[in-house]
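I'll take the contacts one at a time.

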Amino acid sequence: MKEKKMTVSKGGKLSAGKKREGNVFFSEDPRDFGYAKENIPCQDACPAHTNIPGYIRSIYEKHYGRAYEMNRMVNILPGVLGRICSRPCELSCRHGESDLGTSVNICHLKRSCADLKPSWHMIKEEFYAPSGKTVGIIGAGPAGLAAAHELAILGHNVTLYEAMDKPGGMLMYGIPAFRLPRDILNLEINNILRMGIDLKTGVNVGRDITLTELIDVHDAVLSTVGCQEPFNLDLPGEDLDGVYSGLDFVIRVNQGERIPVGKKVAVIGGGYTAIDCARLAIRLGAEEVSVNLRKTETFMRIDEHEKHEAKTEKIKINGLVAPFQINGTDGKVTSITFERTRLEFTKDGKGRNAVSIPDSAFAAPVDTVILAVGQTPDTGFTGGKIELNGKRIKTKAGSYETGIKRFYAAGDCVTGATNVITAIAEGRHAAHEIDAVFVGKKRITETIRTETASQTDRSRNDDFIKASVMPTLEVTKRLYALTGEVEQGYDDKIAGEESKRCYLCNLRYFIDTSQCIYCSACIDVAPRDCIKITRAVEIKKDGAYGELLSATDWSEGLAIVIDNKRCIRCGKCYEVCPMHCIHIEKVELIEQKLEA
Amino acid sequence: MPKFDHYIIIGNGPAGNSAAEVLRMHDDQARVSIISDEGFPYYYRHMLCEFISGKKKEDALKVKPASDYKEKNIRMRLGQRVERIEPETKTLYLKHMEKVKFTRLILATGASPHVVPSLSRFEKHFSFMSKYSDALKVKPLLSPARKVAILGGDLVSLKFAKMLSAMKKEVTFFLYKDCFYPFELTADMASAIEKHFSGKKIKTFADIFPSRIESKGKAFEIETENGENLTVDIIFCFMGMRPNINFIQGSGIDTERGVLVDEHLKTNVSDIYACGDCAQIYNPELKNYWISVGWENAGIQGETAALNLLGESKVIKPSQKKILDVEGLKVNTSWWKEL
Ligand SMILES: Cc1cc2nc3c(=O)[nH]c(=O)nc-3n(C[C@H](O)[C@H](O)[C@H](O)COP(=O)(O)OP(=O)(O)OC[C@H]3O[C@@H](n4cnc5c(N)ncnc54)[C@H](O)[C@@H]3O)c2cc1C
Ligand SMILES: Cc1cc2nc3c(=O)[nH]c(=O)nc-3n(C[C@H](O)[C@H](O)[C@H](O)COP(=O)(O)OP(=O)(O)OC[C@H]3O[C@@H](n4cnc5c(N)ncnc54)[C@H](O)[C@@H]3O)c2cc1C
Ligand code: SF4
Ligand code: SF4
Ligand code: SF4
């Protein structure tokens, strides 16, 4: 391992080569990106790189509109995502480290700024001059909508071609209204369409118009067709009455059909679709609903809140069972036979496979079976002219362009079924690539903004506030209607309390080593091992600074240094330092728009 | 030749203690340590009820004197919580930031009270009775209390209700049929309980549940789904137990409802075993998994886990079934013994 002796530096500037504007610095140095990645873990984990501490602080200050706009910079559907996001940020939140309690409810806070902003709130858009270029986007799901918005503000003419009657993709037809009320969804979609985007619904590309025709009339075409084709298990008995594919089931119910489900329903699969099918089945009058997994709950790819709400509605989650066959009489399903499974390490030793146990079959009586084991893209619209990656559309390495010139693809149709925030991020990035081709340069880039900051009014007590529970509708009231929203949202009091929990990891506490007298007063008050007597710092392969190498003996200690990855921004060290040599900066990963 | 083996057992209940004794009996060289987050030494959990009713004194709860551990050279670390296991480096991370290395590990972490998800938002109003610290908290609250509500349905809840009624408390019992782990109460069983309770003047709600619970001064107000309101001094929650496996998640040790082990009580990770209430055990005859419950089973499993850790390959079997008479209900069980 390479290491660098600590040098005594004046000020705590991260690296050379920064651009200075007053008290603010901008940097594109990889080491500064490396710092932000490690130190603002929530923002790094968010596929769209949402400025989480920034918007949480605005919520604390009751600037809900500002918080909403901060989200909207990278995620055009904050009110939607505040309800249904898969929340990878919360898994990485520093507050969730094992000795620090539980993660901040980042997603609930996102929803709260959307709910609590006034209705007259000002939407901010920065437009570029019209370019005269046109882009056709196939599919108005989250990826397509995000790309459309981005291309529109960049000055291009956008036409969205959508096969269904309404835009939104899985947001409109997949996710049930009890999780995502349609007025919220429509409002945020309309805010996108207002940018002068031409939406053509009921146009199925491949059937009503060919891809070649689109490529002829547009300067670029982007496919964001998602994953619309359910996986098939090929179980004996799948064609019986009372057996549904999960995707069909949710789409039909979301279009208003009340599918009769009987008393007992078995759902197969463990993703969002499976849980939504189960929760819809309960609302359609089923008495016993189970979600059946080949592996265990640990391997479910949905967030904990979803699981909790499903269990609250008395949905059973059964692990270690694999469907074997579906049985019926007179063409109607009567039971399903499962085999028990056991877990086995995958070849690389990291994952697990579920292996059926021979002779372990048992049958469970059911009235309805819903098979929700995932979906893949339907690429039929390309007329087979396109190179695939399995069933997904293949794009060039590091690019969104496919094998066909001027034809791009993004979202679930490229990545396979993921989640909404990933689809939004991918849609935007594809738009930026298309724009760069049109203009000859990247106009939207990420940068690190650093600003001198002062001690905040967060108190150490705030670190011990318990996570605020999302108020929910009583179970008995949930089950009458298909649409009553279950999660009721934080009011401003709860949102304020929850916002206090965030450590504000975008603050950077550092010691000006040239002033430090090694009194170690800061170490004495530190709440954890955040300040270290250090002999050197590891240098990573890419030149970024790595771990601080602690001195084991006073004599080899060259500096007292704050380990920002351990720091919880409590400010205690800042308060006690007799030399006032601890300083604070605000470091933010933001997007910058190039100005002429 | 000196041995450097360090066998660690997490959990200081019957499973952990019998494992420690067997390890020491068969290996007088290795270091044997029990780590447990409870601060009180090994005690009879089932006596907690009698402890709070005043029938049993604190000393009677203790299974054995501290000197026993000294004699057997078993290191006891009380009040220390294991937060994370890293099997690759065979390291335990304790809550107070200490790292402890093991060569072989036995998980005997028992189970904790379950709260059905629909009630979890009211959890802060509930009292529990599953460990010594619960009993200490409850004891002073119970004597002045006149009206008590029990949200329950597990075996302990039935016993507990009877005890409270004998203490002349006014008891209201909300019976959750699906909490009679490991199977659900049938309508017949539920009405047998109801009948038995009515003889003891215990008011039972079998199909109507609380929809709102709020604290009102020192008391609690419960609103039921059919709009009835009642005020009680204390609310107990006995909805069965769930294995303590949260801290194991992400370590690579497989869990489902409990720690998944084969019939030898081995987990999927070498040198790590599980036994007692935290284990979910595969039964090759039934080709199914079962979760062990009960004091006696825990002890037997602790023994088996220890022997297998030392190289044997003993197969665990559920103990013999016997008929248990609980509050007017005949239960055929292999997992519980009236203690
Ligand atoms: C039931 C369900 C619940 C889910 N819940 C969540 C959740 O809670 N959180 C989360 O993060 N993710 C969730 N997901 C996943 C998420 O919805 C998807 O990952 C996301 O919508 C993908 O976005 P996309 O824009 O790539 O594709 P989609 O949303 O699938 O949109 C594709 C659009 O393209 C249109 N289209 C397809 N082919 C054509 C064609 N030939 N011509 C014209 N239009 C076409 C479709 O009609 C559709 O509108 C859920 C998915 C399902 C199915
Ligand atoms: C009130 C009551 C009455 C009962 N009555 C009966 C009865 O009549 N008959 C019967 O057969 N059974 C009865 N039981 C059940 C019986 O007590 C249990 O089955 C038995 O104690 C299980 O033993 P165990 O060793 O598996 O776990 P436990 O006795 O639960 O011990 C596990 C220990 O591990 C500790 N621990 C957990 N996680 C960690 C961690 N991460 N780090 C450190 N320590 C940890 C726990 O705090 C606990 O001290 C009763 C239980 C209760 C609560
Ligand atoms: S504490 Fe706040 S800034 Fe830090 S990771 Fe969590 S949400 Fe992000
Ligand atoms: S602000 Fe100072 S004392 Fe507080 S956690 Fe950070 S380094 Fe430690
Ligand atoms: S308190 Fe200030 S002077 Fe003392 S060791 Fe810490 S940084 Fe240096």
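1. Start with the polar contacts between the two domains of chain B. In this predicted model, domain 1 of chain B and domain 2 of chain B share four residue pairs in polar contact, both residues of each at pLDDT 80 or more. As for salt bridges between domain 1 of chain B and domain 2 of chain B, the count is zero.

2. Which elements of domain 1 of chain B touch domain 2 of chain B with two or more residues each? They are helix H2 (48-53), helix H3 (58-61), strand S21 (322-326) and strand S22 (329-333) of chain B. H2(B) gives the largest share of that side, with six residues. Sorted by type, the residues on this side of domain 1 come to 13 nonpolar, three polar and six charged.

3. Now for where those domains run. The domain assignment of chain B puts 6-110 and 244-333 in domain 1, with 114-240 making up domain 2. Their contact draws on 22 residues from domain 1 of chain B and 24 residues from domain 2 of chain B. The C-alpha centres of the two domains are 29 Å apart.

4. How much area do domain 1 and domain 2 of chain B bury between them? The figure is about 2000 Å², and 76% of it is on carbon and sulfur atoms.

5. On to the two chains. Chain A and chain B bury about 1900 Å² between them, with 52% of that on carbon and sulfur atoms. The contact involves 27 residues from chain A and 20 residues from chain B.

6. What pairs up between the chains? Chain A and chain B have six residue pairs in polar contact, both residues at pLDDT 80 or more. The salt bridge count between chain A and chain B is one. Arg352(A) and Asp254(B) meet through their side chains in a salt bridge, at 2.9 Å from N to O.

7. Last, the side of chain A that touches chain B. The elements giving two or more residues to it are helix H14 (304-312), strand S12 (316-318), strand S14 (332-345) and helix H17 (475-478) of chain A. S14(A) contributes the largest share, five residues. By type, this side of chain A has seven nonpolar, 11 polar and nine charged residues.

Methods
Residues are numbered from 1 along each chain as its sequence is written. Chains are lettered from A and ligands numbered from 1 in the order in which they are written. This is a predicted model: local features need pLDDT of at least 70, side-chain atom pairs count only at pLDDT 80 or more; totals for chains, interfaces and linings use all residues. Side-chain values use heavy atoms; hydrogens and water are left out. Domain bounds come from an automatic or database domain assignment. Contact means heavy atoms within 4.5 Å. Buried area is the accessible area (1.4 Å probe) that two parts lose on being put together, summed over both. A salt bridge is a side-chain nitrogen of Lys or Arg within 4 Å of a carboxyl oxygen of Asp or Glu. A polar contact is a pair of N or O atoms within 3.5 Å; within protein, one must be able to donate a hydrogen and the other to accept it, and residues adjacent in sequence count only if both atoms are side-chain atoms. Helices (H or I, at least four residues) and strands (E, at least two) are DSSP runs, numbered from the N terminus. Ala, Val, Leu, Ile, Met, Phe, Trp, Tyr, Cys and Pro count as nonpolar, Asp, Glu, Lys and Arg as charged, and the others, Gly among them, as polar.
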